[in-house]
Amino acid sequence: MENIPSIKFFYPEIIITSLILLILLLVSYSRKTDGWAHYISLAGLILSFIAVLYEVEAQETGIFMNLLALDKFSIYFKSFFILVTGLTILISMGSLEVERLRKSEYYAIILTVCLGMMLLSSSTDLLIIYLTMEMISLSSYVLVGFLREEARSTEAALKYVLFGAACSGCMLYGMSLFYGVSGSTNLYEIKRALVTGSVSPLFLLLAIVLLLGGFFFKISAVPFHMWVPDVYHGAPTPITAFLSVGPKAAGFSILIRFFYLVMVEGSQDVGWSVLKGFDWTMLIGVVSAFTMTIGNLAAIGQSNTKRLLAYSSIAHAGYMLMGFVVLNPFGLKAILFYLIVYLFMNLGAFLFVIAVANTTGEEEIESYRGLAWKAPLPAVAMTVFLFSLTGIPPFSGFVGKVLLFAAVIREQWYILAIVGILNSVISLYYYARIIRVMFLERPVDETPLEITSFNKWVLGAFVIPNIILGIYWGPLMNLVEESFRFIGS
Amino acid sequence: MDIIQGHALTLITFLPLIGAGVILLLPGKKEELIKYTAAFFSALSLLIGIYIYWKFDRNTPNIQFVEHYPWIRYFNIYYYMGIDGISAPMVVLTSLLSFLSVVASWGIDRGVKGYFSLFLILETGMLGVFCALDFFLFYVFWEVVLFPMYFLIGIWGGPKREYAAIKFFLYTLFGSVLMLLAMLALYYWSEPHTFDLLKLTKMRFTRTFQIIIFLALFIGFAIKVPIVPFHTWLPDAHVEAPTAISVILAGILLKMGTYGLYRISYPILPEATVWFSYPLAILGAINIIWGALCAMAQQDMKKLVAYSSISHMGVVLLGMASLTPAGMNGGLFQMFNHGTVTAMLFLLTGVIYDRAHHRDIDRFGGLAVQMPIYAGITSLAFFAGLGLPGLNSFISEALCFLGAFNVYRWTTAIATSGIVFTAGYFLWTYQRMFLGPLNTKYSDLPEINGRELFTLIPLGAIVVFLGIYPSPVLNMMTITMYNLIVMVKP
């Protein structure tokens, strides 16, 4: 579709862009608007979400000269990112850490990341993929370093920049190789070139591995995970929560779109059919196994909750990669499903960290000693999130894991499935450590811990989807089923 | 009455969960009210359990009290509840022991609200396991049992409770995730894909596949039973758990393991079952002797009872492995009987622990003079434990050994020596605790009280009654068992 008619399918993005401009404009007029920035952002996100809903009825097509795709898949992810951003803003509202910051800029940059993620999930052109990836990365660097007075935060931002720059350099190189073989940056053109032409497997291997470097950086898969613990530890906690879900999901969205569109040919159920001559399933399988194992093993030794959750988020990327290994619709849908349940359990766990740190100023696991006797409701909520992260029914994380395991077992990848379940057991050990400290150990003094009622309500709100999606997940499954549709070439 | 008739299993399973919800809404300060609410809801469950016992048709191997609704259409998952001769006795036993355990928990004085709500969630999980006929549903209930148990041991347990709780949790989670993989593999190998446990029995899987799945399931079940060498979590968990939780643990949770073999492994994987039956018999024999020998070496009365459970569950395995009507019926009947006997033993241990604040067998002596009623009931439980004729364990153990002897002569003969050890440690313990001169330190121990008697007498009555007249329970299972044997060995 030409540019001008495309605009009417671009309302969600336009709304967010104007929102960012509005917030920045207001704050340059008066600093007082800091107090409303989050309300403005939330209202804008809701508007944008409504605009996304209008796209559901629209004909699936490529817009802006096939730079972006308007299909069910992108609508799913756009809604997802709006949800993540909205919830992050809710979490930030309850955080004392954010209270001290320049909030207008803070929220404006979060919205920028949101815009980048929305564009990334719908892009069908290498150029847009690169631009939006950088848009997400650059804004994230700023967000991580937002606590300017704290050395830890600045250090984290610097590490993130260095690592990110290296990875995006790799990715860009990979992209140029793709352009070299196909003469186009459009994904469909690239696929046509790969299917018809005879590209040497070694050349493709290099191109794809370089490209994967950039994607894996975003989803924090081994060996591109080294930045995660320090960055997650140093960033303001709401940003850690945001990074652990939002950009990670964005990474998965483009991973799925790129590889499913370019690398699957003919029968939809057979993955990697375009690429002959190299065992891609094995490569991704090994990455998946290492990602979850290294994430889980490293999490065992952590004493800081944020670092522990950082490593656990690496492990979860590994679980999700199980769905990617087989590269068929079934496994990829499992990832789509898992992202939703992961959103609620992981953000919930970070919210708990924030709520407690607001009062005690502590993020160490030890500081939760006997918390269940001092603040029972938040402790119970955290327990639900942790059990959900472990994958214990009747909580939603269980269903997510079942779908991922089902995807590998369906293709008879038993070894990977066994690695996965062993990892589940390991993860119970360190998640249960938090639960043990909260419930099984007696508090030093039993004075109740004050948690603001706002945070209590939001924690409670996070518990609900964790239980409902664990018991009645049929509707979400249907939604995922409908959303797994791409525009044709 | 129609509602009860049509939804008996849903009611019996979820009434405790509703109770847990109600308790969570009550103010934590009203401890008495919370206890009565818990007792009320588990009593309702028990009433429905009695109703099920009453209405259960003993002349058919078919599934009864069926409830079958689609749950997740995308995966063909159903909310499928139903019971037959294998599950009906277990459902009745579970509802009975749960109610008695609530009464036995009256002494809990810390975190009352949490304790009873978790307990009721646990009850829902256990009853669900025995009622579910959809593998996915079964698995969900199976795992729902884990986390309440973790907290119940970990918060209200003894000095080493943290270690015992996490050990229990990790062990059983490991077993159940293997089961998850087996479940998914069964789903994908069946055509059309299904989780329906009854439809799965009609699939013809290849022998190699059956053996692999059998092994994966078996590890999960073996950890629950527990079968030596997967038993090490059990003594720790039992010793640290509060009395009522030990009752549930030994009385019901262990049975979930052998129930899984009866319900899933045997009918769905018949060829593998035949292939594994001899190793299973050997494992059973090892369990019997190992458990008995370990029990004999114990100083701690609770640990002794815990090891005796391992030994008695070995009898179930031996009976099951025989694949004969006598052995299979005996195995299931032994599950029921052991539930009642071991519950008595743990309750009795709790009684003495509440008074003397230790369970060291050697430090007692001559208690029969001080607490004659207690000594009397204990002797009943001990005799039931060692399989005295006239008490229920005798019948089930005799059936198991009888069935097994025809098939595995030597193994059974060796396993039978376990009975001698069992008699040895029970009688020796009785002698050390109750006979001889009274230890003067305990000359002011009060006699067993009314509430404790209330929990023990129904169990004692069942032990004696079924010992004389076993048919009321035995005839629930015979036809189903016959049917199962035909399935395994056509």
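Predicted model: local features only at pLDDT ≥ 70, side-chain atom pairs only at ≥ 80, totals over all residues.
Helices (H or I, at least four residues) and strands (E, at least two) are DSSP runs, numbered from the N terminus. Residues are numbered from 1 along each chain as its sequence is written, while chains are lettered from A and ligands numbered from 1 in the order in which they are written.

**Figure 1. The hairpin of β1(B) and β2(B).** Strands β1 (residues 64–72) and β2 (residues 77–83) of chain B run antiparallel and are joined by six bridges; two strands pair if DSSP finds at least two bridges between them. B:Y69 stands opposite B:Y79, and B:P70 has B:Y78 as its bridge partner. Five of the seven residues of β2(B) are buried, so this strand is largely enclosed by the rest of the structure. Here a residue is buried if 20 or more other C-beta atoms lie within 10 Å of its own, exposed if 12 or fewer, and partly exposed in between, with C-beta atoms placed from the backbone.

Figure 2. With 18 other C-beta atoms within 10 Å, B:N76 is partly exposed. B:H357 is exposed, having 7 other C-beta atoms within 10 Å.

**Figure 3. Cis peptide bonds at A:P394 and B:P226.** In chain A, the bond from A:P393 to A:P394 is cis, with omega near 5°. A:P394 belongs to the loop between α17 and α18 (396–410) of chain A. In chain B, a cis bond with omega of about -15° joins B:V225 and B:P226. B:P226 is found in the loop between α9 (207–224) and α10 (233–240) of chain B.

Figure 4. A:L386 is buried, with 27 other C-beta atoms within 10 Å. Leaving aside neighbours within four places in sequence, A:L386 is in contact with A:A349, A:Y431, A:I434 and A:I435; contact requires that the C-beta atoms of two residues, placed from the backbone, lie within 7 Å.

**Figure 5. The side of chain B that touches chain A.** Contacts link 26 residues of chain B with 24 residues of chain A. On the chain B side, α5 (135–144), α6 (146–156) and α7 (161–189) each supply at least two residues, and α7(B) gives the most, with 15. By class, this side has 21 nonpolar, one polar and four charged residues. Ala, Val, Leu, Ile, Met, Phe, Trp, Tyr, Cys and Pro count as nonpolar, Asp, Glu, Lys and Arg as charged, and the others, Gly among them, as polar. The model scores ipTM 0.92 and pTM 0.94.
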